[in-house]
Amino acid sequence: MMMPRCGVADIINGTNCMKSVNRNHHHRQGSGSPFHTVSHYTFFQGNPRWPASQTHLTYSFLPGTRSNAIDPVANAFQTWQRNTHFRFTKEQDSSNSNIKISFECGDHGDGWRNAFNGPGGTLAHAFAPTNGRFHYDADEQWAVGATPNSFDLETVAFHEIGHLLGLGHSEVEGAIMYPRILPGVIKGLHRDDIDGIKALYQV
């Protein structure tokens, strides 16, 4: 049985992650969570968010990003754009982009508590506003769409973009911000995810 490894982050602004899970494991939010619970969705402690004047966010892919991840991540940003007040634009130059996406392995400089752990367990993680880092675990089996024994790049992107915008985890299993996913499963935005963003940004 896979045990949760998300805890209080040892980094500025905090981070959160999506986990793989087997069918016999059910997540329960612990009392040590770094999130403030509101309804079923949650926010990071202190409710960090992008400034009201910053509704246009740019994103870029760092060298080494898998080529088959580009379109799924772009699709995920466009779906979030259709359901929020944000606009997202991809940039080639990562030096000035608000959000930087990459594939990383093991301890990759995010603090020892946020090191990736190889196949299984943590799939990806992202930082609360306005840090902008979004990392996939390069050691996982990734795919586009519902593929047995692999994780859907777009589904995980939906989840991590939610963190980049300020959402914590949701207790609603159907929500994209639910912290666990089975291989071969695809998901999209849920009413709970959209309600959470609207509540956080009061829009």
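This is a predicted model: local features need pLDDT of at least 70, side-chain atom pairs count only at pLDDT 80 or more; totals for chains, interfaces and linings use all residues.
**Exercise 1.** Determine where glycine 118 lies, whether glycine 118 is buried or exposed, and which residues glycine 118 contacts beyond its sequence neighbours.

*Solution.* 
1. Glycine 118 is found in the loop that runs between strand 6 (99–104) and strand 7 (122–127).
2. Its relative accessible area is 12%. Buried means under 20%, so glycine 118 is buried.
3. With neighbours within four places in sequence set aside, glycine 118 is in contact with Asp137, Asp139 and Glu140.

**Exercise 2.** Describe the surroundings of aspartate 137.

*Solution.* 
1. Aspartate 137 belongs to strand 8 (residues 133–137).
2. Aspartate 137 is buried, its relative accessible area being 0%.
3. Not counting residues up to four places away in sequence, aspartate 137 touches several residues, including Glu104, Phe116, Gly118 and Trp142.
4. A polar atom of the aspartate 137 side chain lies 3.0 Å from the backbone nitrogen of aspartate 139.

**Exercise 3.** Identify the buried residues of helix 3 and the elements against which they pack.

*Solution.* 
1. Helix 3 covers residues 191–201, and its buried residues are Asp192, Asp193, Ile194, Gly196, Ile197, Leu200 and Tyr201.
2. These buried residues pack against strand 3 (41–44), helix 1 (70–82) and helix 2 (153–165).
3. Just after helix 3, glutamine 202 adopts a positive phi of about 50°.

Conventions:
Residues are numbered from 1 along each chain as its sequence is written. Side-chain values use heavy atoms; hydrogens and water are left out. Buried means under 20% relative accessible area, exposed over 50%, partly exposed in between (1.4 Å probe, protein chains only). Helices (H or I, at least four residues) and strands (E, at least two) are DSSP runs, numbered from the N terminus. Contact means heavy atoms within 4.5 Å. A polar contact is a pair of N or O atoms within 3.5 Å; within protein, one must be able to donate a hydrogen and the other to accept it, and residues adjacent in sequence count only if both atoms are side-chain atoms.
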